[in-house]
Amino acid sequence: MSIQRIKGTQDILPDAVWPWQALEEEIRRLCREYGYQEIRTPVFESTALFVRGVGATSDIVQKEMYTFEDEGKRSLTLRPEGTASVCRAYVENKLYGLPQPQKLYYMGPMFRSENPQSMRFRQFHQFGVEVLGADEPLVDAEVIQLAVQLCQNLGVSGLETQINSLGCPECRAVHREQLAAFLEPKREGLCELCQSRLERNPMRVLDCKNPECQRLTQGAPTTFSALCQDCRDHFDRVQDLLQLARVNYKVNSRLVRGLDYYRKTAFEIVEGSLGSQNAICGGGRYDALVEEIGGPPAPGMGFALGMERLLKILQDQQIELEDTRPAQFVTVAALGRRAQDEGFRIVSRLRRKGIPAQMDLMGRGLKSQLRSANRDGTRYAIIIGEDELIRNLVVIRDMSEGTQFEIGLDDSILWIEKQFIDS
Ligand code: HAM
């Protein structure tokens, strides 16, 4: 049997790739407008980075990492997310010594060994932003606003932005105790995973999709009940700023997020039609992460958005992204060796002028060359046969009008150029 791609990965074929390019273009444009700069980090890192960064109790570290040993017996892991890597790069390259905050963004593949299902992949792509070095609620509001604006600019409807505050370590410790006391008597009724979460990180029980767990956690103490005054003030200010920026949101006191590094603000953008994998974007504040991985104290706030999920929603809502393929194409159809040489010269000249041009690469007959030109969306075909060559002419056929005329070889390039300038 031929070798096949790994379950949970995808080939993005040429016909499907241009919406990706259009989305990437829109993301870059928006990030430039907000003053964010791109950062590119390796797709594999030391395993310790994610264990320390993402957190030993998270599902990601417990069961979803692609970890392997290199020949130096070092344990390496394909990045399951981008935040820990960006923080490592911030520390390693001393970005904390530059003017703060550092406002960074990234796009690229992430790897998680999850059970593949609809919109849950083992290799998927995230667009993420991370703001490092500032703890002001202004940062939280700006980061949430950027994520929401991307979806708005694309014209997506039916999204909901949910926010919560998870508190600082002190509030979290209080909440953990309150929650554990509430859940302990219900232990037997919880799903197996939640029973183990009760030990490791009881807050994650609030996030379980199992209906019985959801029923049993109704009325559970929320993170709010444990917030200290400082965390309360921070959350109030974030909300005031979101309202000033006219960002619609809903407070969801059960929103807890699946990674261990969050403090204070957490948020998600969800969409109803994606089923259980309904989060297209998630993020929050992680004020201790940089220090945890060996850097100076430096607060952080960011999000990551699942690009496959966003593109699926765009497709479902029949939102057309701008087609980045050339609207007009020139195809040179040449018959015979000498005509082919002349054709190649013309194509080269057109390409040097920045005009999208191609020619047959298979030595096919004229009919078949024109048929494939039609399929490729060619606007003008330049036809060169032996007869035309002798007369130093070519035929230009306007494929959409179905008309054609003869023109001198050199004039043909000027004529084509004029059409492209005028269009
Ligand atoms: P996350 O919630 O794990 O957060 O992932 C963010 C988004 O990535 C999700 O909302 C989802 O759209 C997409 N995603 C996650 N896993 C998969 C998957 N298996 N298949 C398809 N899409 C997926 C983070 O990764 C954090 N690093 C976000 C962050 C940045 N927090 C602060 N800064």
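**Charges, shape and buried sites in a predicted model**

The mean positions of the 53 positive and 59 negative charges of the protein lie 3 Å apart; Lys and Arg count as positive and Asp and Glu as negative, with His and the chain ends left out. This is a predicted model, in which local features need pLDDT of at least 70 and side-chain atom pairs count only at pLDDT 80 or more, while totals for chains, interfaces and linings use all residues. Residues are numbered from 1 along each chain as its sequence is written, and side-chain values use heavy atoms, without hydrogens and water.

Me: Is the protein a compact globule or more spread out, and what is its radius of gyration?

Reply: The secondary structure comes to 15 helices and 16 strands, which are DSSP runs (helices H or I, at least four residues; strands E, at least two). For 423 residues the globule rule gives 22 Å; that rule is 2.2 Å times the number of residues to the power 0.38, and the radius is taken over C-alpha atoms. The protein is well over that value, so it is more spread out than a compact globule, with a radius of gyration of 28 Å.

Me: How many disulfides does a search of the whole structure find?

Reply: A disulfide is a pair of cysteine sulfur atoms within 2.5 Å. For C168, the nearest cysteine sulfur is that of C171, 3.4 Å away. For C281, the closest is in C151 at 6.8 Å, too far for a bond. The search of the whole structure gives a count of zero.

Me: Is C281 buried or exposed?

Reply: Buried means under 20% relative accessible area and exposed over 50%, with partly exposed in between (1.4 Å probe, protein chains only). The relative accessibility of C281 is 2%, so this cysteine counts as buried.

Me: Which residues of α11 are buried?

Reply: Helix α11 covers residues 307-316, and seven of its ten residues are buried, so the helix is largely enclosed by the rest of the structure. Just after α11, Q318 has a positive phi of about 50°. The buried residues of the helix are M307, E308, R309, L310, L311, I313 and L314.

Me: Which residues does T217 touch, not counting those up to four places away in sequence?

Reply: T217 sits in the loop between α8 (211-216) and α9 (229-244). At 0% relative accessibility, T217 counts as buried. Contact means heavy atoms within 4.5 Å. On that basis T217 touches F182, L183, V205, L206 and R254.

Key
Charge placed at Lys NZ, Arg CZ, Asp CG, Glu CD.
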